[in-house]
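Hello,

Here is the structure for you to look at. Please open it first, then read my notes below.

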Amino acid sequence: MVSGEFSTTMILAILPEIGLVILAAILLTLDLLWRDERVQRLAWFTAAGLALIMAVSVLYSQPGDKPLLIWGGMLRLDMTGFVFRMMFLAAAALTSLFATQYESLSRRGEFYVLLLVSTLGMSLMASSADIIMLYLAIETTSIPLYVLAGFLIGDKRSVEAGIKYLLFGAMSSAVMLYGLSLLFGFTGTTSLYDLAASLVTSQVPQLLIYAVIALVLVGFGFKVSAVPFHFWAPDVYEGGPTPVAGFLSTASKAAGFAVLLRVMQVAFPDQTAFWTTVIAVLATLSMLVGNYLALAQKSVKRLLAYSSIAQAGYMLIGVAAGTPFGTTGAIYYLMAYLVTNLAAFAIVTIVEGKVGSDELPAFAGLSRRAPGLALAMLVAMLSLGGIPPLAGFFGKLLVFAAAVEANLIWLVLVGIFNAVVGLYYYLTVLKVIYLNRAEDESPIRGISVSWRLALIVSIIGIVVLGFWFAPWYQWAQGATGAIWLY
Amino acid sequence: MQFPFLSIIIFTPLAAGLILLLVPAERKNLVRYISLAASIIVLGLSVGLYASYDINAGGYQFVERIPWLPALGITYAAGVDGISMPMVLMAALVIFSGVLVSWNVDDRPREFYSFLMFLGASVMGVFCSLDLFMLFFFFELAVFPKYLMIVVWGYPRTREYGGMKLTLYLFIGSVLALVGALAVYFASGLGTFDLLLLEKADFSTGFQQLWFPFIFLGFAILGGIFPFHSWAPDGHVAAPTAISMLLAGVEMKVGAFAALRVAITLLPEGAHFWAPAILALATINVVYGAFIALIQTDFKYVIGFSSVSHMGLVLIGFATLSREGLIGAGMQMFSHGVMTALFFAIVGMVYDRAHTRDIGKLGGLVRKMPWAAVGFIVGGLVSMGMPGFSGFVAEFPVFMGAWKSAPLVAVIAVVGILITAGYIFLVVRRVFFGDVPQELAAVGDVTVRDKIVIGLLAAIMILIGWFPSLMVRMVESGVDNILALLGGA
């Protein structure tokens with residue numbers, strides 16, 4: 001129901017967004033004042049601010065049992081939005097801490113502000129209940145990310161990454177916008193939650209609805225970097241600043257899944273058979289292409305880029321199941337993947353900074369040079385590979401289980417086959433770290449406190465999500481249920 | 001709720017593994033003593049539980065249950081029956097021995113022992129699982145210690161190949177089994193992973209016949225079933241001594257045990273349907289494994305293939321689906337676990353001192369290391385199934401069971417035992433007797449720690465051989481439960 005009057009709930013509901021705007025404003029000011037070495041404090045300030053926003057949101061901005069449409073039906077205050085917003089805030093906080101170690105980053109104030117604006121956009125993506133709002137939110141997310149990808153203006157590869165990302169992004173969002181406008185044309189409504197009913201009464205031919213779904217999926221597929229909308233990902237991850245790559249591959253992907261899950265289930269319930277099939281195909285392609293190209297990579301950053309395409313494929317298995325259990329699985333997988341991939345990219349950042357390369361040989365001897373770092377990489381790689389007691393194991397188990405439940409045995413077999421291929425190259429990275437020797441085996445020193453803190457938090461997250469399931473599963477389940485609930 | 005003995009057995013190695021990672025890397029002796037202490041705690045508790053298991057009551061004992069994820073019916077449920085109790089004891093023995101024989105590992109011992117402890121926790125967790133999810137959780141936990149230990153501390157020439165091959169084979173097997181297990185979970189309609197409840201679920205015959213091969217084969221790959229056995233010799237040979245011991249001794253039993261616990265007990269009609277096929281494959285295991293062992297020139301490969309051969313007997317025992325066969329299989333899992341751990345320990349001792357494993361270059365070692373020679377001969381007699389040793393108690397019932405259900409299998413498999421006798425005698429003669437080659441003149445004797453390992457493992461096998469009732473009655477009480485489930489079909 002749309003509550004017409006202005007009330008405190010409306011304000012409380014968007015506390016995270018308000019917090020993000022205020023934090024961004026303060027950062028802009030501080031950036032002018034702290035022009036000397038104090039600029040390093042900006043990272044701490046951003047992270048602390050984000051943590052504070054999270055705490056305040058958990059206390060005051062939790063949705064009730066009944067979802068509410070607020071701000072004239074633009075936003076929806078529900079568990080789904082809430083869970084995803086917490087994920088984005090956590091990812092942004094970790095990314096800002098990881099970025100301190102990235103020395104080639106100049107203009108830090110702007111960097112953090114862009115990061116926050118992008119997070120704001122994601123936050124709105126996860127809770128928007130109107131297709132116009134949705135589109136605006138997606139653009140608010142994407143535009144700062146285009147800038148961030150090309151943030152190293154002295155580095156040609158980074159600039160190229162930014163432009164590439166911009167071009168692909170603009171193209172796919174135009175296609176998606178076309179689909180959305182058709183949708184409005186057919187139904188005369190922009191409200192997500194009225195679309196399904198209007199589609200039935202408007203008697204649009206099914207074929208046209210299928211076409212609309214396909215157009216919309218182009219935009220979402222780009223966001224989650226599913227094959228065949230993935231071409232930007234490896235180059236952008238490789239060229240852009242590494243912490244940005246981490247952020248892109250986690251938070252931005254999660255935001256894509258948030259809208260994918262909500263829009264498909266809410267707007268097209270009668271076409272479930274169609275879109276689940278399309279997504280099953282996307283999942284298969286993503287897993288196959290991602291994993292097979294990852295096999296051939298010599299750069300760990302590119303390897304992680306392709307692996308993140310494959311990981312999107314596993315999550316899509318959960319979506320393709322088309323069941324509440326599948327959705328829960330995909331959301332749990334996202335939480336697991338978020339902490340894992342952030343940690344992995346963070347370790348690449350540090351090795352890149354200290355050894356000067358992100359190629360595989362740069363990781364040789366890491367277990368002798370920095371045993372703790374090697375162990376962290378071990379945890380991250382095994383979690384990506386789906387080995388207990390780490391987060392990725394339970395995520396994979398859930399999506400596979402959902403597909404078995406939905407009788408998609410062929411998809412599970414594809415998934416399993418890919419999990420084996422995936423394990424192969426994750427283990428190869430570990431082999432280089434633990435077995436291969438480097439010429440220079442001096443200990444790696446000078447790892448900043450902020451970076452250690454963020455890494456420890458992510459590792460704890462990976463392990464906790466990997467054996468203490470109940471609370472997080474409950475979150476994912478709540479988020480699943482709230483998508484539908486009226 | 002009684003005192004959580006089993007949890008202590010499972011989590012002591014896990015905790016030790018984590019604590020080790022926090023110890024400064026250069027405190028190498030501290031690392032070794034922490035591992036030794038953990039393995040002694042586990043061994044002591046296992047012996048204690050073994051002694052206090054009530055055979056007359058049977059069933060699952062020392063049961064602990066803690067809700068893990070109630071929303072999906074996942075429980076942390078630990079308990080042991082007459083089949084898994086000997087497995088726990090065997091694993092504890094091998095872990096303890098593994099810690100002792102690895103004392104000289106000098107390259108990053110902290111990581112070595114830590115991963116060894118994780119592997120220990122994994123196998124204990126599987127043996128004690130009464131919950132399907134928990135079983136998989138601990139089963140997969142073994143993936144990374146196995147891989148990294150082979151690759152980092154293994155035999156330089158083959159470690160990368162052997163380690164990756166082993167890991168991927170076993171991972172494929174386990175995920176196939178996982179799909180089957182998930183199908184079982186959803187088809188039961190009970191919404192629980194509890195094995196004891198799932199045993200009572202009535203699955204349709206068609207369902208059982210469809211999914212049995214997924215689960216059984218998935219796990220049996222780890223048990224070394226033909227034609228998916230080739231990871232075993234390569235992996236065992238590539239691995240460092242302690243890991244060869246754990247892999248061949250314990251991990252292969254984990255596979256066989258899980259196949260029994262999940263595939264056969266949950267899908268008895270599927271087991272009846274597929275039993276002839278398993279019998280055929282397992283018979284090939286026995287004969288082919290033994291034959292290949294006979295023609296090896298590498299000491300360690302002989303033992304690697306002998307494991308394939310002996311695991312065939314376990315699988316034959318399963319596939320007879322009879323009381324004798326299952327008792328024999330249960331005994332063989334214990335006996336072979338101890339025996340092969342002893343074999344690999346001795347191979348490691350010989351290699352460490354002679355720096356070669358080529359049988360042609362070895363000789364006369366009985367004069368250099370008498371303990372190793374005696375230990376190897378005891379192990380050899382066990383593996384031939386000589387009366388007075390645990391191998392007899394294990395292999396005889398397997399043949400009885402096979403004779404009853406498929407006489408031809410029994411006849412062919414006996415040929416395998418003859419070949420076994422052949423390669424054992426051959427190796428004993430060439431490695432331990434005859435003249436000492438020039439290059440080996442300076443070879444020294446084994447250490448006190450090695451003697452403890454040899455003495456302990458050999459004594460256990462002789463003890464079981466003389467007093468079979470120490471274990472047979474316990475295994476029998478576990479078999480009764482499986483027979484009750486099988487009889488319904």
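Predicted model: local features only at pLDDT ≥ 70, side-chain atom pairs only at ≥ 80, totals over all residues.

**Two helices in chain A**

In α4(A), the residues G81(A), F84(A), R85(A), F88(A), L89(A), A92(A), T95(A), S96(A) and A99(A) meet a set of residues in α5(A). That partner set is F111(A), Y112(A), L115(A), L116(A), T119(A), M122(A), S123(A), A126(A) and S127(A).

The predictor gives the complex an ipTM of 0.90 and a pTM of 0.93. Chain B averages a pLDDT of 91, and 99% of its residues score at least 70.

Now the geometry of that pair. Helix α4 of chain A covers residues 79-99, and helix α5 of chain A covers residues 108-127. Their axes come within 8 Å and cross at roughly 165 degrees. An angle over 145 degrees counts as roughly antiparallel, so α4(A) is roughly antiparallel to α5(A). The crossing of α4(A) past α5(A) is right-handed.

**Where the chains touch**

How many residues of chain B are in contact with chain A? There are 25, and they touch 26 residues of chain A. On chain B, α5 (132-141), α6 (143-153) and α7 (159-188) each supply at least two residues of this side. The largest share comes from α7(B), with 12 residues. By class, the chain B side has 22 nonpolar, one polar and two charged residues.

One helix pair spans the two chains. Helix α18 (residues 409-434) of chain A and α6(B) have axes that come within 10 Å. They cross at roughly 40 degrees, and α18(A) and α6(B) are therefore oblique to each other. This crossing is right-handed. From α18(A), the contact uses L427(A), L430(A), K431(A) and Y434(A). From α6(B), it uses Y147(B), L148(B), V151(B) and V152(B). By class, that makes seven nonpolar, no polar and one charged residues.

Start with L247(B), in helix α11 (residues 241-266) of chain B. Is L247(B) buried or exposed? L247(B) is buried, because 31 other C-beta atoms lie within 10 Å. Leaving aside neighbours within four places in sequence, L247(B) is in contact with K146(B), G235(B), H236(B) and A239(B). L247(B) and L119(B) are 128 residues apart in sequence, yet 9.5 Å apart in space, C-alpha to C-alpha.

Next, Q40(A). It sits in the loop between α2 (15-33) and α3 (41-60) of chain A. Q40(A) is partly exposed, with 14 other C-beta atoms within 10 Å. The C-alpha atoms of Q40(A) and L97(A) are separated by 10.0 Å, and the two residues are 57 apart along the chain.

**Backbone details**

Look at two cis peptide bonds in chain A:

- V227(A) to P228(A) is cis, with omega near 10 degrees. P228(A) is in the loop between α9 (206-224) and α10 (232-239).
- P388(A) to P389(A) is cis, with omega near 0 degrees. P389(A) is in the loop between α16 (371-385) and α17 (391-405).

Then check two positive phi angles:

- N407(A) is not a glycine, but its phi is about 65 degrees. N407(A) lies in the loop between α17 and α18 of chain A. N407(A) is exposed, with 12 other C-beta atoms within 10 Å.
- F62(B) is not a glycine either, and its phi is about 55 degrees. F62(B) lies in strand β1 (residues 61-69) of chain B. F62(B) counts as buried, with 20 C-beta neighbours inside 10 Å.

Best wishes

Terms used: Residues numbered from 1 in each chain as written. Chains lettered and ligands numbered in written order. pLDDT = per-residue confidence, 0-100. Axes fitted to C-alpha atoms, helices over the stretch in contact; angles between N-to-C directions. Helix = DSSP H or I, 4+ residues; strand = E, 2+ residues; numbered from the N terminus. Parallel < 35°, antiparallel > 145°, perpendicular 65-115°, else oblique. Left-handed = near helix turned anticlockwise from the far one by under 90°. Contact = placed C-beta atoms within 7 Å. Nonpolar A, V, L, I, M, F, W, Y, C, P; charged D, E, K, R; others polar.
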